Amino acid sequence: MPNAGDADERRYGVRRQRRSTIVIAIVLLALGGAFYYASTYFRDTTPQPGPCTTVPPVDPLRPADVSLNVYNSTNRSGLAAAVAKGARTRGFTVKAIGNDPKDAGVKQVAQIRFGPEGAASARLLKAHVPQAVYVNDKRKGDTVDLVVGQAWKSFGKVPVVATPTQTLRQCPTITVEG
């Protein structure tokens with residue numbers, strides 16, 4: 001017959017074993033948490049790249065990029081040379097100076113003659129001579145003619161150049177060979 005003391009002793013042993021198991025589990029969880037916390041100091045903490053764009057940044061056209069011929073369409077001598085000097089002061093590259101080869105007799109302030117390749121250059125020149133009139137003469141190349149007319153007084157105000165800001169970084173390019 002089992003003793004009442006043996007049953008109490010067995011119950012006490014089971015409780016003690018259960019308590020030991022719980023204490024070991026808590027200690028192991030605490031050690032795991034401590035190791036996890038310590039490992040965060042050794043991880044790579046460089047920020048992950050965010051969104052990007054595939055559109056290449058566009059540099060704005062500058063006056064130095066524009067090849068310009070300055071022609072006088074009036075009977076005022078030396079006007080083309082004076083205008084060319086002002087154009088150089090603004091940074092334009094002046095290639096030729098002279099009388100209007102088409103002898104058009106321009107009545108307006110000026111004409112800006114250009115071809116399809118010189119459209120961007122013509123727009124930039126128009127920002128400096130706002131009263132000028134566009135004449136697309138379908139020429140080859142990007143050279144632009146500034147033909148000074150009867151109403152010419154001077155260049156307009158120097159336009160404010162808007163600097164493009166790109167808020168997204170350039171995406172890395174990946175070349176796939178197939």
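The exercises below work through the strands, helices, salt bridges and surface of a predicted model.

Residues are numbered from 1 along each chain as its sequence is written. In this predicted model, local features need pLDDT of at least 70, side-chain atom pairs count only at pLDDT 80 or more, totals for chains, interfaces and linings use all residues, and side-chain values use heavy atoms, with hydrogens and water left out.

**Exercise 1. Strand S2**

Task: Find how many residues of strand S2 (residues 67–72) are buried, and which strands are joined to S2 by bridges.

Solution: 
- Step 1. Helices (H or I, at least four residues) and strands (E, at least two) are DSSP runs, numbered from the N terminus. Buried means under 20% relative accessible area, exposed means over 50%, and partly exposed lies in between (1.4 Å probe, protein chains only).
- Step 2. Count the residues. Six of the six residues of S2 are buried, so the strand is largely enclosed by the rest of the structure.
- Step 3. Sort them by face. In a regular strand the side chains alternate between the two faces of the sheet. In S2, Ser67, Asn69 and Tyr71 are on one side, Leu68, Val70 and Asn72 are on the other, and all are buried.
- Step 4. List the neighbours. Two strands pair if DSSP finds at least two bridges between them. S2 runs parallel to strand S3 (residues 93–99), with six bridges, and parallel to strand S6 (residues 144–148), with five bridges.
- Step 5. Follow one residue. Tyr71 stands opposite Gly98 in S3, and its bridge partner in S6 is Val147.

**Exercise 2. Helix H2**

Solution: 
- Step 1. Name the unit. A crossover is right-handed if, with the strands pointing away from the viewer, the path from the first strand over the helix to the second runs clockwise.
- Step 2. List the buried residues. In H2 they are Leu79, Ala80, Val83, Ala84 and Ala87.
- Step 3. Recall the helix geometry. An α-helix has 3.6 residues a turn, so residues three or four places apart point the same way.
- Step 4. Turn to the other side of H2. There Lys85 and Thr89 are exposed.

**Exercise 3. Strand S4**

Task: Determine which strands are joined to strand S4 (residues 110–114), and in which direction they run.

Solution: 
- Step 1. Take strand S5 (residues 133–136). Four bridges join S4 to S5, and the two run parallel. Arg113 has Val135 as its bridge partner in S5, and Phe114 has Asn136.
- Step 2. Take S6. Four bridges join S4 to S6, and these two run antiparallel. The partner of Ile112 in S6 is Leu146, which is buried at 0% relative accessibility.
- Step 3. S4, helix H3 (residues 119–128) and S5 make a right-handed β-α-β unit.
- Step 4. Check the cover. Five of the five residues of S4 are buried. Ala110, Ile112 and Phe114 point one way, and Gln111 and Arg113 the other way.

**Exercise 4. Salt bridges**

Task: Find the salt bridges of Arg139 and the network to which Arg139 belongs.

Solution: 
- Step 1. Define the contact. A salt bridge is a side-chain nitrogen of Lys or Arg within 4 Å of a carboxyl oxygen of Asp or Glu. The whole structure has five.
- Step 2. Take the partners in turn. Arg139 meets Asp137 at 2.7 Å, N to O. Arg139 also meets Asp145, with the closest N and O atoms 2.7 Å apart.
- Step 3. Asp137 is partly exposed at 23%.
- Step 4. Join the links. Lys102, Asp137, Arg139 and Asp145 form a network of salt bridges.
- Step 5. Look at another pair. Arg62 and Asp65 form a salt bridge with the closest N and O atoms 3.2 Å apart, and Asp65 is partly exposed at 32%.
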